[in-house]
Amino acid sequence: MEAFKEKGNEAVRRNDYRAAVDFYLRAIEAGRDLPAQELAPLHSNCSFAYLKLNELAEAVSQAENAVAAKPDWSKSHFRLGEALFMSGNYEGAEKAYARASELAVEDQTLKKKVALAREALSGFYFRQLLAGRDFAVNAGNIIERQIFSSAKQMQNYVYLIGDARTREAVVVDAAWDVKGIRSFAAGENMRLVGAVVTHYHFDHTGGTPPPPFDQLGIKVPGVRELAVEDKLPVYVNRNDATTVMNSNGVPSENLTPLDDCAEVSIGSVKLKFIHTPGHTPGSQCVLIERPERGILISGDTLFIGSCGRLDLPDCNAKAMYTSLQEKIAALPTTTRVYPGHDYGGPYTTIAREKEQGFLKPMEEGKWLRMHGH
């Protein structure tokens with residue numbers, strides 16, 4: 001039995017999961033006369049190998065065998081939770097993860113798994129990722145160190161939004177560390193099915209940075225990699241689409257130009273795009289209407305107590321005034337606003353910005369004078 005077990009472990013180490021299943025099953029057969037609890041690790045390992053092969057019914061069955069053989073072992077319940085989760089049985093997965101967590105109360109990973117299963121039951125998936133905290137943290141070479149250092153200084157937020165049941169998501173403003181963003185999504189069993197651009201600036205899309213940094217010859221990873229390597233559609237307002245295509249090298253066939261009030265569904269989650277020109281001609285915000293409170297991904301249109309810069313090429317202070325005062329301020333006051341940078345915190349609300357930010361009622365003339373017009 002031990003020889004077959006070790007051969008199974010070796011097969012796993014070389015990612016030969018079919019061979020691993022064969023060896024673990026042979027080990028289980030060889031140990032059939034042993035006490036059941038001694039076979040629990042073999043059933044657990046076999047479940048893992050089946051899961052890697054995407055043979056979910058077999059993965060569930062072997063995990064159930066592990067639980068039956070050793071019901072007080074946290075790992076057997078964890079394996080069952082993993083198999084049920086991948087099978088789409090989120091209620092069963094939540095129960096299995098919760099039992100595993102009860103048996104290993106200090107394990108923070110198990111607590112996260114319980115939360116993921118409960119979130120899947122609710123159906124809505126949302127993550128706010130911060131550069132230097134959740135991605136752009138493990139540089140593999142000197143170029144990545146330079147890029148990741150700049151990402152941390154720029155304090156960019158990237159968002160994952162999707163359906164927690166189908167495990168599909170779009171990524172909003174992917175830049176700086178596409179590999180890290182992909183890894184984060186994969187770690188939560190989410191499949192990226194699209195990339196959303198709030199505006200064309202390089203810190204939100206990747207590509208060549210502006211002068212004088214363009215002299216370094218460094219290209220920032222971003223939507224081009226997702227479009228070309230992952231074949232994802234890139235959702236961008238049509239007023240910024242040509243710039244994204246030319247500056248970032250995104251093939252035209254991967255671009256999905258959007259108009260004001262366009263809608264895109266990711267499973268059961270509907271994204272509504274609000275054209276908010278000002279920072280760029282094609283700046284757009286993403287609205288997700290939820291029963292409890294709406295969510296607005298504002299890009300660089302609205303920050304906490306301020307808005308995006310209006311002194312750059314293509315900026316338009318008059319257009320920004322209209323975007324803020326007539327479009328964003330009209331949203332329900334309970335709407336939570338998630339900006340494109342960490343300039344003062346992770347989020348604000350429409351109510352707060354109408355009281356003390358750039359959504360406060362203001363005459364257009366005063367606004368324009370504030371911005372040098």
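Predicted model: local features only at pLDDT ≥ 70, side-chain atom pairs only at ≥ 80, totals over all residues.
Begin by colouring the protein chain according to its domain assignment, which gives domain 1 as 1-121, domain 2 as 123-259 and domain 3 as 276-372. Keep the latter two in view: the centres of domain 2 and domain 3, taken over C-alpha atoms, are separated by 22 Å, and the contact draws 26 residues from domain 2 and 24 residues from domain 3.

Select Phe-124, Tyr-157 and Thr-198, which together supply 27% of the area that domain 2 buries against domain 3, more than any other three residues.

Turn now to the polar side of the interface, where 16 residue pairs are in polar contact across domain 2 and domain 3, both residues of each pair being at pLDDT 80 or more, while the count of salt bridges between the two domains is zero.

Finally, select the elements of domain 2 that each supply at least two residues to the side touching domain 3, namely strand S1 (124-130), strand S2 (157-163), helix H10 (202-205), strand S5 (234-237) and helix H12 (238-248). Of these, S1 provides the largest share, four residues. Colouring this side of domain 2 by residue class shows 14 nonpolar, nine polar and three charged residues.

Conventions. Residues numbered from 1 in each chain as written. Heavy atoms only, no water. Domains from an automatic or database assignment. Contact = heavy atoms within 4.5 Å. Buried area = accessible area lost by both parts, 1.4 Å probe. Salt bridge = Lys/Arg side-chain N within 4 Å of Asp/Glu carboxyl O. Polar contact = N/O pair within 3.5 Å; in protein donor to acceptor, adjacent residues only side chain to side chain. Nonpolar A, V, L, I, M, F, W, Y, C, P; charged D, E, K, R; others polar.
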